[in-house]
Amino acid sequence: MSEDGSRPDYLTIGTVTSPHGVQGAVRVFPHTDMPDRFRALAEVWLGSGGRPQRQCRVESATTGRKLVVLKLAGVNTREQAEALRGTDLLVPVEQAWPLPEGAYYHFELEGMAVFDCAGRLRGTLTRVYPGPANDFFCVSEAGSGRETLLAAVRSVVKEVDRERGRMVVEWPEEYGHAD
């Protein structure tokens with residue numbers, strides 16, 4: 001989400017983790033379930049916190065099981081690649097790949113009203129935390145401001161309505177609160 005609560009202008013698709021070799025290639029941890037998107041990139045923005053700082057042409061991309069190796073124009077030495085460690089790779093939101101049915105970009109979910117199956121407003125989804133097996137939704141509870149983490153799985157998330165900006169979830173009382 002952007003600072004004003006609207007949809008972001010850019011999506012972070014990966015983060016540079018380290019140099020790869022001595023000719024300026026970088027290893028990238030992908031923030032996408034579709035790492036093949038890197039092979040289709042002609043350009044990418046370098047930045048941090050969802051804010052682009054400079055545009056860079058992609059010369060080549062190789063995808064692996066957990067990492068992507070990119071060669072960026074103008075990055076020709078290991079030292080230049082090392083200087084990019086921790087830098088995010090961003091694309092304009094208009095270049096976001098279409099998702100399969102039932103999948104959503106985090107920015108589409110953040111800010112949604114969260115209701116339980118009985119129709120009671122439980123709070124607002126404030127953040128999505130990626131997890132190794134599934135994501136977790138952080139819900140700021142209505143009235144108290146306490147935060148509850150919900151597993152983003154089909155058995156918990158019953159309905160997502162983008163048009164109305166709301167979702168219905170199974171609200172098990174045994175979920176602990178994030179303090």
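Below are a few worked exercises on the structure above.

The model is a predicted one, so numbering simply runs from 1 along each chain as its sequence is written, local features need pLDDT of at least 70, side-chain atom pairs count only at pLDDT 80 or more, and totals for chains, interfaces and linings use all residues. Side-chain values use heavy atoms, with hydrogens and water left out.**Exercise 1. Trace how strand β8 pairs on both sides.**

Step 1: start with the ground rules. Helices (H or I, at least four residues) and strands (E, at least two) are DSSP runs numbered from the N terminus, and two strands pair if DSSP finds at least two bridges between them.

Step 2: look at β7 (residues 113-116). It runs antiparallel to β8 (residues 121-129), with 3 bridges joining the two. Phe115 has Leu121 as its bridge partner in β8. The two strands make a hairpin with 4 residues between them, and Gly119 in the turn has a positive phi of about 90°.

Step 3: move on to β9 (residues 136-141). Here 6 bridges hold it antiparallel to β8, and Tyr129 has Phe136 as its bridge partner in β9. This pair is a hairpin too, with 6 residues between the strands.

**Exercise 1. Work out which residues touch the most other members of the largest nonpolar core.**

Step 1: A nonpolar core is a set of buried Ala, Val, Leu, Ile, Met, Phe, Trp, Tyr and Cys residues joined through side-chain atoms within 4.5 Å. Buried means under 20% relative accessible area, exposed over 50%, and partly exposed in between (1.4 Å probe, protein chains only).

Step 2: read off the members. The largest core has 21 residues, and Val28, Phe38, Leu70, Leu72 and Leu89 touch the most other members. The elements giving two or more residues to this core are β1 (10-20), β2 (25-30), β3 (43-48), β4 (51-63), β5 (68-72) and β6 (88-92).

Step 3: check for another core. There is a second, separate one of 13 residues, which includes Met112, Val128, Val156 and Met167.

**Exercise 2. Is Val91 buried or exposed, and which residues does Val91 touch?**

Step 1: find Val91, which sits in strand β6.

Step 2: check the accessibility. Val91 counts as buried because its relative accessible area is 1%.

Step 3: list the contacts (heavy atoms within 4.5 Å). Leaving out residues up to four places away in sequence, Val91 touches Asp9, Tyr10, Leu11, Ile13, Arg37 and Leu41. Leu11 is 80 residues away along the chain, yet its C-alpha atom is 5.5 Å from that of Val91.

**Exercise 3. Follow the salt bridges that join Arg57, Glu59 and Lys71, then look at two other pairs.**

Step 1: define the bridge. You need a side-chain nitrogen of Lys or Arg within 4 Å of a carboxyl oxygen of Asp or Glu. The structure holds 8 of these.

Step 2: Glu59 and Arg57 meet at 3.8 Å, N to O. Glu59 is partly exposed at 40% relative accessibility, and Arg57 is partly exposed at 47%. Lys71, in strand β5, is buried, with a relative accessible area of 14%. Salt bridges that share partners join Arg57, Glu59 and Lys71 into one network.

Step 3: finish with Arg122 and Asp116, a salt bridge with its closest N and O atoms 3.0 Å apart. Both residues are buried.
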